[in-house]
Amino acid sequence: MTDSLSSHALEQLAQQLEQHPDYRVLRRLVPRHTMNEALPGQRLCKGVVLDTETTGLDATNDRVIELGMLVFEFDPQTGVVYKVLNVFDELEDPGFAIPPATIAVHHITDEMVQGKRIDDAQVAALMKDVQVVIAHNAKFDRPFVEARWPLFQHLNWACSINDINWRDEGFGSAKLEYLVGTQGYFYEAHRAEADCWALLELLNQVLPQSQQTAMLALLETLNKPQEKIYAINSPFETKDMLKARGYRWSAELRCWSRVVAGPQERQQELDWLKSRVYGQRSARVEIETMGGQVRYSSREGHKEMVTL
């Protein structure tokens, strides 16, 4: 049936379905190289949306086998995305067989990467004058690309999962496929370039509660010094309270920690810890300062001990 219908006719059918409360319509995401038109002389910055496909989950032993990047222009004041300047997607042979379980996710086979290597010089050229690198789960991608290309250590990073409060904005999940679906699109996920196009489209959308672009929400986190507070020697009986407040347990450090942004949030958290966790008793916590060039990497920021 679809072969006999024109694109215009199919779109009319889709619009009719959308008007019925029992149906939702998803359209295939078509990459847009120009999302908005900039004014003459408008001051724009360069950003990069990045995604990797790898042989596994361990950045120490696994390797990048696909790197996808979109270099784009944006307005640092409004977060509006304008034009894609460069599109990059290359495969690389890891030097060993790709595990079958990994192939099942991204469908990149040993034959596809055999003898291939990502162009280091081109990667370096694309990163020139870039103000921010954005990944959907930067905590995964950043250690991988820093191990392969150390130049990424000197760039500011933002994470579109953690740096936007999707729950407060009314979304039930922070998964990229879900978020893009709420905007009326679907795409072929789990290949680097496709994921980059999906993320860039998402960054240009206006968030329903804050009424700002998702890109601006990310940029605002770069302007706030992020700090991780470690609740050292917190009483065992407070673990559920800490978890409910957003603290995460590190089995290696045997400690609960939470990230806050800005001096006001820091002081509020220290006051809460002293009152609710340490019961007004004197206690010491550790604070790790993480700027854009450190956060989401496997490297540590500056640490200091603070007495409550």
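## Helix 7

The buried residues of helix 7 are Ala192, Asp195, Cys196, Trp197, Ala198, Leu199, Leu200, Glu201, Leu202 and Leu203, in what is a predicted model. Counted against the length of the element, this is 10 residues out of 12, and helix 7 is accordingly described as mostly covered. The helix runs through residues 192-203 and spans 17 Å from its first C-alpha to its last, a value close to the 16 Å expected at 1.5 Å a residue.

## The chain as a whole

The protein chain that holds this helix has a secondary structure of 10 helices and 12 strands, and its C-alpha atoms fill a box of roughly 75 × 50 × 45 Å along the principal axes. Of the 308 residues in the chain, 44% are buried. When contacts between residues at least 6 apart in sequence are considered, 66% of them join residues at least 24 apart.

Five strands make up an open sheet of mixed pairing, arranged in the order 4-3-2-5-6. Strand 4 (81-91) and strand 6 (157-159) are at the edges and have a single partner strand each, so one side of each is left without a neighbour in the sheet. From one strand to the next, the twist averages 25°.

Within this sheet, strand 2 (residues 45-54) and strand 3 (residues 64-74) are antiparallel and pair over 10 bridges, with Thr52 having Leu67 of strand 3 as its bridge partner. Strand 3 also pairs with strand 4, again in the antiparallel sense, over eight bridges, and here Glu66 stands opposite Leu91 of strand 4. Strand 3 and strand 4 form a hairpin in which six residues lie between the two strands, and Gly79 in the turn has a positive phi of about 75°.

## Helices packed on the sheet

Helix 5 (residues 138-148) lies across strand 2, strand 3, strand 5 (130-135) and strand 6, and runs at about 85° to strand 2. Helix 8 (residues 214-222) also packs on the sheet, where it touches strand 3, strand 4, strand 5 and strand 6, and its direction makes about 115° with that of strand 5.

In soluble globular proteins, nonpolar side chains tend to be buried together. In this model the largest nonpolar core has 32 residues, and those with the most contacts inside it are Phe72, Ile134, Trp166, Leu200, Leu203 and Met215. Two or more residues come from each of strand 2, strand 3, strand 4, strand 5, helix 6 (176-182), helix 7 and helix 8, and helix 7 gives the most, with seven residues. Apart from this core lies another, of 23 residues, including Val48, Leu50, Cys159 and Tyr296.

The surroundings of Phe72 can be listed in detail. Leaving out residues up to four places away in sequence, Phe72 touches Cys45, Lys46, Gly47, Val48, Val49, Val81, Lys83, Val84, Leu85, Ile134, Leu200 and Met215. Among these contacts, Ile134, Leu200 and Met215 are also named with Phe72 as residues that have the most contacts inside the largest core.

## Aromatic pairs

A search of the whole structure finds seven aromatic pairs. In one of them the rings of Phe72 and Phe74 have their centres 5.8 Å apart and their planes at 45°, so this pair is tilted. Both Phe72 and Phe74 are buried. Elsewhere, Trp149, Phe152 and Trp157 form one aromatic cluster.

## Two individual residues

Thr238 is found in the loop between strand 8 (226-231) and helix 9 (239-244). With a relative accessibility of 5%, Thr238 counts as buried, because the cut-off for buried is under 20%. Residues up to four places away in sequence being set aside, Thr238 touches Arg276 and Val277.

Glu265 belongs to helix 10 (residues 262-277). Its relative accessibility of 34% means that Glu265 counts as partly exposed, the class between under 20% and over 50%. The C-alpha atoms of Glu265 and Glu227 are separated by 9.6 Å, although the two residues are 38 residues apart along the chain.

Terms used:
Residues numbered from 1 in each chain as written. Predicted model: local features only at pLDDT ≥ 70, side-chain atom pairs only at ≥ 80, totals over all residues. Heavy atoms only, no water. Pairing = 2+ DSSP bridges. Helix = DSSP H or I, 4+ residues; strand = E, 2+ residues; numbered from the N terminus. Axes fitted to C-alpha atoms, helices over the stretch in contact; angles between N-to-C directions. Contact = heavy atoms within 4.5 Å. Phe/Tyr/Trp six-rings, centres within 6.5 Å; stacked < 30°, edge-to-face > 60°. Buried < 20%, exposed > 50% of the residue type's maximum accessible area, 1.4 Å probe, protein only. Expected span 1.5 Å × (residues − 1). Core = buried A, V, L, I, M, F, W, Y, C linked by side-chain atoms within 4.5 Å.
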